[in-house]
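Hi,

Here is the structure I promised to pass on.

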Amino acid sequence: MEKICRDDEGLFETRRWKGGRVYKVFAGSVFLGILMIWVYRLTMILRGSSCSWALMFGVFGAELWFGFYWFLTQASRWNPVFRYTFKDKLSLRYEDKLPGVDVFVCTADPSIEPPSMVISTVLSVMSYDYPTEKLSVYLSDDGGSQFTFYALLEASRFAKYWIPFCKKFRLEPRSPAAYFAQAIEPNDAAFSAEWIAVKKLYEEMDNRINAAMKEGKLPQNIHEQHKGFAEWETGITAKDHQAIVQILIDGKDETSVDIEGSVLPTLVYMAREKRPHRHHNFKAGAMNSLIRISSEISNGEIILNVDCDMYSNNSETIRDALCFLMDEEKGHEYAYVQFPQDYDNITKNDIYAASMKSIREIEFHGLDGFGGILYIGSGCFHRREVLSGRHYSKHWKKNTKIDKPIQRVTNLETLEAKCKSLTTCSFEDNTGWGNEIGLKYGCPVEDVITGLSIKCRGWKSIYFNPPRTDFVGLAPMTLSQTLVQHKRWSEGDFQIFLSKYNPFLFGHGKIKFGLQMCYSIYCLWAPCSLPTLYYSTIPALALLNSIPLFPDMKSIWFIPFAYVIVTTSVYSITEAMWIGQSRKAWWNEIRIWLYKRLASYLFAFLDDVLKVIGVNKTSFIITSKILDEDVSRRYAKEIIDFGPASSMLTILSVIGILNLFCLVGGLKKMLVFHEGIVSSLFLQFVICGLITMINLPLYQAMFLRRDGGRIPVSTTVISISLALLACLIPLH
Ligand SMILES: O=c1ccn([C@@H]2O[C@H](COP(=O)(O)OP(=O)(O)O[C@H]3O[C@H](CO)[C@@H](O)[C@H](O)[C@H]3O)[C@@H](O)[C@H]2O)c(=O)[nH]1
Ligand SMILES: [Mn+2]
């Protein structure tokens, strides 16, 4: 790899991928193939092809889109860069001038985001290898739950043992749940004694929290142990309650120390005010409240945001991030540093393609090469000032000093009262919050749109993907959760495309064209549903009716089709192997690729269109972080969980059955009636055959399986009826 940044003085180094040239030649040849396909379609239309106009225009439209979209995706593979940090230089130069870091953890529902998981994440970020007096951790609880508060109180006590223990023995990872799940008892006698003691403390705490959750009741006398519980005495609910801010550990207080006498990081619980008639703007609303209260309490210059399941897997991450943000020459250009997200719960062959490895290992490096990866919500270090709306200017660096402690009221009660007043429902009325200040409102992907608007204010961002993953969370574990999550993402991304933040229009002149293209890859996920829907129904139906839609195998025009299909498939599997995916995982990814386009993206597209006309509102369906035993067992065995019945599942089933019927019908014509149609319908056999192969688990779930993850009988009946109906439509 080629170095493109000075390395002797800087705190980081950038390298560009050199193999790029070979790739560019290959991409050029594919592009030629696509052009020839388009030419073929045009000549067919001009010559007045044999099949109906509607069919011809349909395939041509789909192919125009696929070609155009393929062209966009090239931007993400054109210019990948890779970053390397020098943390020792950072310590040497800045150890006593390190900035304050405020970590924001968001949770929203204790029934699907268990408090014991949430506090493990909290403890992992409290134990960063970073001066504790400069570290503050804030938990936003949109569930407004006393169980989450109780768990955090437990965590604040356990932290006194956990943090010094982690630091003394240099443990990784520092989420107690993740650590004890994988660690084996050490041999060393001194270590072992302490290890057993801390493990016992952890397990007892975990049991207390889980028992309270299970019984739906807090331990007796707990109310006497902290004044905070008084907030719940009036019988508040998750959707209707006053603002709650409780400082559980005040880092400025010299008496809040761990068992070794070192200062503890500040720890704050916040549940912003919620009222039924007031919109709360989901995670973006929570983040903005956190920005405000933290500015009163610790005012860290750097803000790290993680989801409640995304624990820190590397205690040095803050230092890595600072190598970029504090670099003397380049640092002032960067608004944020985004780390990749990894998942603890991916099965061997990644049955729901949740790891999204090609995005993480390839595309995001490509975006970085064009000056800015997306902000993807979790695992991102921001500058407070930028998040609060600052525009980029070359002179900015010189105007700010690195450490500027805030003057803070010392009386905690007064401070908490002040913070509460900042998190009421009405605080943001007639202000720029949610618009030019803080995270943006009104979009289900608040992260992506906020990152884009920061970029359009002149800032760059960094993608840092070191060998040891920094953040590890939980990926969806059923098909319906996967589809719902992708619906939320593709709906939000396409909404950005339709809004004034359209990367091409809003980004024009502000960000590089390559980056505009890269953003559009994600922003245009939703409309990809339409051509995919066309391609997975019409060629099959035409096959059944013996109508050829593609050139005959013997025709010269067959070559570009074959070339594009074969080479892009070979490339795709090669890339998958290169980034360490198994062949099965690659095949699973293809299935999910298809399912996302036919279900998530299609519904996202429809919802966005309805939103434009004004009949639909933004929603945010939270991904569950727990599974019932039955579902877990299937997940571990990599058996797809299809149920329950839903319109998304119905679409997938109809298309699956339709292709099966058409393939059987087509084969029957060929074999029984000896029609010489193979060569003129060859590509349709291929498409239909592939879709059928992809759907083998779907047929199994319809006709063979008896477990709870099968496809409901009602869905099967409806799909078969609809598929039969479709087969009856005359296409001639
Ligand atoms: O009203 C809400 C809804 C969600 N959340 C939190 O937002 C986070 C993300 O929710 P999750 O259901 O886990 O969604 P994911 O799809 O896994 O999240 C990704 O996509 C989201 C945008 O769609 C971003 O907000 C996330 O940061 C990003 O990790 C979780 O910590 C939730 O507790 C809130 O705080 N308030
Ligand atoms: Mn999540």
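This is a predicted model: local features need pLDDT of at least 70, side-chain atom pairs count only at pLDDT 80 or more; totals for chains, interfaces and linings use all residues.

Below is what I found, going from the whole chain down to single residues.

**The overall picture**

The protein chain has 26 helices and 14 strands. Its radius of gyration is 28 Å, close to the 27 Å that the globule rule gives for 732 residues, so the chain is as compact as a globular protein of that length.

Buried residues account for 59% of the 732 in the chain. On the contact side, taking pairs with a separation of 6 or more, 82% of the contacts join residues 24 or more positions apart. The exposed surface comes to about 30,400 Å², and carbon and sulfur atoms supply 61% of that. As for charge, I get 79 positive and 75 negative side chains, with the centres of the two sets 6 Å apart.

**Aromatics**

A search of the whole structure turns up 50 aromatic pairs. The one I'd open in the viewer is F149 with F229, an edge-to-face pair with 5.0 Å from centre to centre and 75° between the planes. This pair links distant parts of the chain: F149 sits in helix α5 (residues 146-169), F229 belongs to the loop between α8 (222-225) and β6 (244-249), and the two are 80 residues apart. F149 has 0% relative accessibility and therefore counts as buried. F229 is also at 0% relative accessibility, so F229 counts as buried too.

There is also a cluster held together by ring pairs, made up of F158, W162, F165, F169, Y179, F180, F191, W195 and Y202.

Another cis bond goes from G643 to P644, with omega near -10°, and P644 lies in the loop between α22 (629-636) and α23 (647-672).

Two residues other than glycine have a positive phi. For N221, phi is near 65°, and the residue is placed in the loop between α7 (189-215) and α8. For A353, phi is about 50°, and this alanine is in the loop between β11 (341-343) and α11 (357-369). A353 has 8% relative accessibility, which is why it counts as buried; the cut-off for that is under 20%.

I559 and M36 are 523 residues apart in sequence, while their C-alpha atoms are 9.3 Å apart in space.

That's what I have for now.

Cheers

Definitions and conventions
Residues are numbered from 1 along each chain as its sequence is written. Chains are lettered from A and ligands numbered from 1 in the order in which they are written. Side-chain values use heavy atoms; hydrogens and water are left out. Helices (H or I, at least four residues) and strands (E, at least two) are DSSP runs, numbered from the N terminus. The radius of gyration is taken over C-alpha atoms; the globule rule is 2.2 Å times the number of residues to the power 0.38. Buried means under 20% relative accessible area, exposed over 50%, partly exposed in between (1.4 Å probe, protein chains only). Contact means heavy atoms within 4.5 Å. Accessible areas come from the Shrake-Rupley method with a 1.4 Å probe; for residues, only the protein chains shown count as cover. Lys and Arg count as positive and Asp and Glu as negative; His and the chain ends are not counted. The place of a charge is taken as NZ of Lys, CZ of Arg, CG of Asp or CD of Glu. Rings of Phe, Tyr and Trp (its six-membered ring) pair if their centres lie within 6.5 Å; planes under 30 degrees apart count as stacked, over 60 as edge-to-face and the rest as tilted.
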